[in-house]
Amino acid sequence: MIPGVLGQDEVGRYHALARGILAPQRSRDYQEKHVAIGSLFDILREPGLVGLIGHPRSLAALRGLGFDEPRYLHGIVFNKLPRTPRTFWHQDCTTWSHPVAYEPEPHELILIYYLVDTTPHNGCLRVIPGSHLRRHPLHEPLRGACIPDLERMRDPSSPVFQSYADEVSIPVEAGDLVVVDVRLLHATHANESDAERTALSLWYIPACRDLPECFRARFTLRTGLDGRLPYMPAGWPEDAAARLRPLLPAAYEGSAAPLPWHTDPDERLC
């Protein structure tokens with residue numbers, strides 16, 4: 001956790017921009033389908049959020065961790081409505097078929113900016129330390145799990161909705177930044193308050209040039225590979241587009257096939 005990355009004026013500005021993306025969350029159908037996750041809306045719906053993607057204090061923090069060439073992949077407005085249940089345990093790695101996914105160094109990070117003070121009462125993050133490098137009992141019920149069913153919370157008794165002795169809560173203040181390895185098991189507390197809990201989650205490759213070619217072929221601007229590749233939004237103002245382009249991975253020009261999606265760790269995680 002890196003405190004105070006955003007000033008209060010920035011918190012207010014980005015919070016206002018995020019609200020403009022959240023209108024579809026007001027529909028009952030959307031709320032029922034996503035009751036245990038909240039909103040998952042692409043931040044590139046709002047050009048004004050490009051300033052967050054390349055925020056100098058965040059990039060400096062990554063450099064301080066040894067990552068001097070981070071590249072943006074995608075991001076969401078992660079908004080939990082009042083009186084909504086906890087988010088299920090999960091991890092966000094999609095490259096488990098490759099040996100890189102089992103190495104100590106992270107190959108993909110999530111930067112989570114909190115726009116309100118967040119505690120266990122209103123839905124702060126929960127993590128299981130070390131679960132990015134070693135197997136945990138939760139990996140088994142998550143294997144092949146139907147994510148839409150989890151988002152609907154069809155089975156609240158499932159292990160993925162429970163508390164664990166080794167979990168750690170991460171309370172934060174508005175403007176704080178939490179950096180998460182995509183392989184780490186994480187969830188949230190329920191939002192038991194009467195107010196929304198808003199955060200912005202942005203995915204980055206921390207060291208693009210060090211990745212194998214199949215990764216760079218996957219994380220490229222070519223279209224048609226999957227729905228979460230970095231992309232340039234159509235119709236953006238040119239000044240916003242010019243700020244986004246250098247933050248994206250370079251277009252891959254080699255001949256390697258892109259690494260397929262694989263969302264479950266194998267026996268190499270032990």
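Colleague: How do the residues of the lining of the second largest pocket divide into nonpolar, polar and charged?

Modeller: A note on the source comes first: this is a predicted model, in which local features need pLDDT of at least 70 and side-chain atom pairs count only at pLDDT 80 or more, while totals for chains, interfaces and linings use all residues. Residues are numbered from 1 along each chain as its sequence is written, and side-chain values use heavy atoms, with hydrogens and water left out.

A pocket is an open set of points on a 1 Å grid over the protein atoms alone, where a 1.4 Å probe fits, with protein on both sides within 12 Å along at least five of seven lines; lining residues have an atom within 4 Å of a point. Here the lining comprises 7 nonpolar, 1 polar and 3 charged residues (Ala, Val, Leu, Ile, Met, Phe, Trp, Tyr, Cys and Pro count as nonpolar, Asp, Glu, Lys and Arg as charged, the others as polar). Among them are Phe67, His107, Asp210 and Pro212.

Colleague: Which residues touch the most other members of the largest nonpolar core?

Modeller: In soluble globular proteins, nonpolar side chains tend to be buried together. A nonpolar core is a set of buried Ala, Val, Leu, Ile, Met, Phe, Trp, Tyr and Cys residues joined through side-chain atoms within 4.5 Å; buried means under 20% relative accessible area, with a 1.4 Å probe and protein chains only. In this model the largest core has 42 residues, and Ile112, Leu125 and Val178 touch the most other members. A second, separate core of 34 residues includes Phe67 and Leu247.

Colleague: Where is isoleucine 170 found, and is the residue buried or exposed?

Modeller: Isoleucine 170 belongs to strand β5, residues 168-170 (strands are DSSP runs of E, at least two residues, numbered from the N terminus). Its relative accessible area is 19%, so isoleucine 170 is buried. Beyond its neighbours within four places in sequence, isoleucine 170 is in contact (heavy atoms within 4.5 Å) with Cys124, Leu125, Val127 and Val178.

Colleague: How many aromatic pairs does the structure hold?

Modeller: Rings of Phe, Tyr and Trp (its six-membered ring) pair if their centres lie within 6.5 Å; planes under 30 degrees apart count as stacked, over 60 as edge-to-face and the rest as tilted. The structure holds 6 such pairs. The pair of tyrosine 72 and tyrosine 204 is edge-to-face because the ring centres are 5.7 Å apart and the planes stand at 70°. Tyrosine 72 lies in strand β2 and tyrosine 204 in strand β8, so the pair ties together parts 132 residues apart in sequence.

How values were computed:
Helix = DSSP H or I, 4+ residues; strand = E, 2+ residues; numbered from the N terminus. Buried < 20%, exposed > 50% of the residue type's maximum accessible area, 1.4 Å probe, protein only.
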